[in-house]
Amino acid sequence: KKNIAPLTNADRTRALSVFDAICEAYLSAPPEVLSSGVGTVTVGGVQQDRSEVSISKAINSPGGKLAEALWELLPRPRKGRPLPKYLALRFDRLFSLPGDGAGHAVAVVAQHMGWLDYWFPDFVRDRLLPLFDPQNVLSEAAWHGFGYDRNWLSHDTLQFMNSFLLGVLKGDANWRLDEQEYRQHVH
C-alpha cells in the first residue's frame with residue numbers, strides 16, 4: 001500500500017505487474033491464507049459474534065490490503081470519465097479471491113460507495129450494485145463496508161438499492177448486520 005503509488009508514478013506497467021504477481025499468489029492460495037489478522041472479540045469474557053467480512057476484519061486482511069493498495073492508484077477523478085480499465089479489472093480480480101478474501105476486498109471498496117457513485121457511476125451500477133443483492137454471496141461484505149460510508153448516493157443508486165436494503169433490514173438475508181451498521185442503514 002505504501003509503495004504502489006510511487007512505483008506506479010515511476011513505471012506504471014511494472015508496478016501493476018508486481019501487484020498482479022502478488023494478487024495471483026493469493027488467487028491460487030488456500031482460503032485460510034486470506035483470513036483476517038483480527039481474531040474473535042470478547043466483552044467481559046463473552047465471545048462476540050462478528051462477521052468474518054466486517055470492515056474491521058477486512059482492513060486487517062490480505063484481500064482488504066490489496067483493495068486499499070488499488071485505492072491508492074485512483075487518478076484524480078473527472079466527472080463523466082469511467083474508472084480506468086486497469087483498476088476496474090484488478091478490482092474484479094480481487095472480488096474473486098478465495099475464502100473471505102473476496103469479501104474483504106468488497107467491504108473495503110464498498111466503504112467508498114458514495115464517492116465512487118459520484119465519480120464513477122458506471123462502475124457502481126455495473127459492478128458494485130449487484131453485490132448488494134442479499135442472494136449474492138458477497139452481499140454481506142458489501143453491506144458491512146457500505147455501513148461505514150458517510151457519503152450520499154445518487155437518487156438512481158438509492159432507488160436501485162431500496163428493495164435490497166429493505167430486505168436486509170427486515171432480516172431476509174441469511175446473515176445480519178452489526179448493531180452500529182444496522183443503525184446507519186436505518187438512518
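Predicted model: local features only at pLDDT ≥ 70, side-chain atom pairs only at ≥ 80, totals over all residues.
Thr-8 belongs to helix H1, which spans residues 4-10. Its relative accessible area is 13%. Thr-8 is therefore classed as buried, since the cut-off is under 20%. The side chain of Thr-8 comes to 2.6 Å from the backbone oxygen of Ile-4. Beyond its neighbours within four places in sequence, Thr-8 is in contact with two residues, Ala-15 and Leu-73.

Val-33 sits in a loop. That loop runs between helix H2 (12-27) and strand S1 (41-43). The relative accessibility of Val-33 is 41%, so the residue counts as partly exposed. With neighbours within four places in sequence set aside, Val-33 is in contact with Tyr-26 and Pro-62. Asp-100 is 67 residues away from Val-33 along the chain, and their C-alpha atoms are separated by 9.4 Å.

Aromatic pairing was examined next. The whole structure contains nine aromatic pairs. One of them joins Trp-71 and Trp-115. The geometry of this pair is edge-to-face, with 5.3 Å centre to centre and 65° between the planes. Trp-71 is part of helix H4 (residues 62-71), and Trp-115 is part of helix H7 (residues 113-119). The pair therefore ties together parts that lie 44 residues apart in sequence. Trp-115 has a relative accessible area of 26%, and so is partly exposed.

Arg-12 is placed over the face of Tyr-86, 4.2 Å from the ring centre. The ring of Tyr-118 has the charged end of Lys-79 over it, at 4.1 Å from the ring centre.

The largest pocket holds about 400 Å³ of space. Its lining comprises 15 residues. Nearest the pocket centre are Phe-146, Trp-152, Leu-158, Gln-184 and His-187. Three helices, H9 (139-146), H10 (155-170) and H11 (179-186), each supply at least two lining residues. H10 provides the largest share of the lining, with four residues.

Key:
Residues numbered from 1 in each chain as written. Heavy atoms only, no water. Buried < 20%, exposed > 50% of the residue type's maximum accessible area, 1.4 Å probe, protein only. Polar contact = N/O pair within 3.5 Å; in protein donor to acceptor, adjacent residues only side chain to side chain. Contact = heavy atoms within 4.5 Å. Phe/Tyr/Trp six-rings, centres within 6.5 Å; stacked < 30°, edge-to-face > 60°. Lys NZ or Arg CZ within 6 Å of the ring centre and 35° of its normal. 1 Å grid on protein atoms, 1.4 Å probe; cavity = no way out; pocket = protein on both sides within 12 Å on 5 of 7 lines; lining within 4 Å. Points joined across faces, edges and corners; volume = space filled by probe spheres on them.
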